[in-house]
Structure formats: C-alpha cells, structure tokens
Amino acid sequence: MTLGTTTQAYGEPSYWDNRYTQDPGPFDWYQKYPALSPLLHLYVPLHNRVLVIGCGNAAISEDMANDGFEDIVNIDISSVVIEAMQTKYQDIPALKCILLYVICLIALDEFFPERLVDIQMDVRDMSGFESGSFDAVLDKGTLDSIMCGHNSQDNASKMLEEVGRVLKDNGVYILITYGAPAYRLPTLKKLSLWTIKLHVVEKPMADGNSEQIKWELTNPVSLDESGSSVETALGRTPEVHFIYVCTKDESLQSSSSKQEIEF
C-alpha cells in the first residue's frame, strides 16, 4: 500500500476513507499477527477483553480470534473500511462487523453473544466505554498516524488519556510503532499513567520474512530514562519496530497529583 500523500494527512478521516477506497486490502501495518503472537500471549491471557484501536482492514483481529482470544472490540475512524469489513465477514457466523459511523465491532457470538457492543466513538473520546472496561488495548500505528496529523501533541495526549481511562488497573497498552524511545517516551511518560517495558521485532523484508533475529521478541530491551540504553543494545539505526508495553498503574497518578500539590 503506497502513501500517495504527505504524512500530514494521516490524522484526517477523509484521508483514510480515500485510501481504503483505493486500496481495499487487507493490509497489516508494520507486522502481521504471527510475528507478534508470542508477545501478545506473554501479556494478554486469552480470556481478557481486548480493544484494538484503528483496526483498519488488517487481519490481526481475525487471526487473534482464530488463535483463541475470546473478547475483541475493534474501532476505526473510517466508515469506508467498516462497510468493507461488514461485507467481508457477512458469511462468517462467528465473526461480525457492525457499522455505526466510525466503529467496527468484532465478536465471536458463538461464545459470547452478549458482548457485542454498538457504540459510536472516536479514539480521542471513547466515552461510550466505561472506565476500566478493558484488560488490554492494542495499537498498531494509530498513535503514529495521530502524531502525523494537525494538533498532534494535543490529540496524542487526548488519545492516551482515553486509553488509560478505559484500561483496568494493571491492564496493558501495547503500542507497535516505528517511533524510537527518544521520540515516543516523552509522549508516553507525560501523563504518568503507566510503567513501560520495551520490546523490539525485526522489520519484515520484501518477501514477508524478517531478517535474522538480533533480539528475542519476548525479552525486554533495557530502557533507561532517556532511552539511550536502546542504542547501546541495538545500535544507532536498528531495523526494528518498537513495541512499548505500558502497564497501567493507578498509584503513579496518585503520586504525581501529590507532588503537584506539595509543589
């Protein structure tokens, strides 16, 4: 899938509507499920409720469901891609897509018909979901796209605040991104929402395979305050995607508020 425009358009719904019209997919940003599966199984039990933000027309949620994950809710800003997914899955009884403006919801109603949710929302305002309603949030490129749009820092903060709100305490936000620690850590740490571990996965080659593994996916990379330790471990320009596993810790917010009051 080619870019075809400047990155400034990435944060705009109209860009994605046009893109999914021209390139109906399917297309998985950065990595496909088999490459990420060991890490997801490490942090997310199969029975956990998972929110996938910016689902697009990727196959990852379907692959997760086929691999035993029981409760998946997907949202996207493009109504075009939702309509396409609704058509794609109309003959698959165990996988449903419901069109409601900007939301795509996938549920295995064979196992849990009562968990099919139909709420209209934006990732920066997920007020349709109660606080603490998800065990995990999976983000494969959505924060990246928001940070390429207008008012990027403000919109990124709004999104991350909402991610933190809908997560249960000790829930995990798993961010797959091209953004190195020097660029992503300040944004992630700004809100004092979570503790952070860093994993990396080799970028796929043109034939779909990855280069020789330089770092075991399930083994966290040493991460200091500035992120400079990553360069020591992996080199200056590693051909990897970065995976930040952010575990919500409500005590951090309490400590941050206390420090502000004392100051």
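How many helices and strands are there in the chain? There are nine helices and six strands. Helices (H or I, at least four residues) and strands (E, at least two) are DSSP runs, numbered from the N terminus. The model is predicted: local features need pLDDT of at least 70, side-chain atom pairs count only at pLDDT 80 or more, and totals for chains, interfaces and linings use all residues. Residues are numbered from 1 along each chain as its sequence is written, and side-chain values use heavy atoms, with hydrogens and water left out.

Start with the whole chain. Of its 263 residues, 48% are buried. Buried means under 20% relative accessible area, exposed over 50%, partly exposed in between (1.4 Å probe, protein chains only). Contact means heavy atoms within 4.5 Å. Among contacts with a separation of 6 or more, 68% join residues 24 or more positions apart.

Now the sheet. Six strands form an open sheet in the order β2-β1-β3-β4-β6-β5, with mixed pairing. Two strands pair if DSSP finds at least two bridges between them. β2 and β5 are the edge strands, each pairing on one side only. Neighbouring strands are turned by 20° against each other on average, direction ignored. Axes are lines fitted to C-alpha atoms, for helices over the stretch in contact, and angles run from 0 to 180 degrees between N-to-C directions.

Look at β1 (residues 49-53). Five of its five residues are buried, so β1 is largely enclosed by the rest of the structure. In a regular strand, side chains alternate between the two faces of the sheet. Here R49, L51 and I53 lie on one side, V50 and V52 on the other, and all are buried. β1 runs parallel to β2 (residues 71-75), joined by five bridges. V52 stands opposite N74 in β2. Between β1 and β2 the chain passes through helix α3 (residues 60-66), in a right-handed β-α-β crossover. Right-handed means that, with the strands pointing away from the viewer, the path from the first strand over the helix to the second runs clockwise.

Further along the sheet, β4 and β6 pair in the antiparallel sense over six bridges. I174 stands opposite V245 in β6. Helix α7 packs on the sheet, touching β4, β5 and β6, and its direction makes about 15° with that of β6.

Which residues of α7 (residues 181-189) are buried? They are P181, R184, L185, T187 and L188. These cover an arc of only 170° around the axis, which puts them on the same side of α7. The arc is that of the directions from the helix axis to the C-beta atoms. A182, Y183 and P186 are exposed on the other side.
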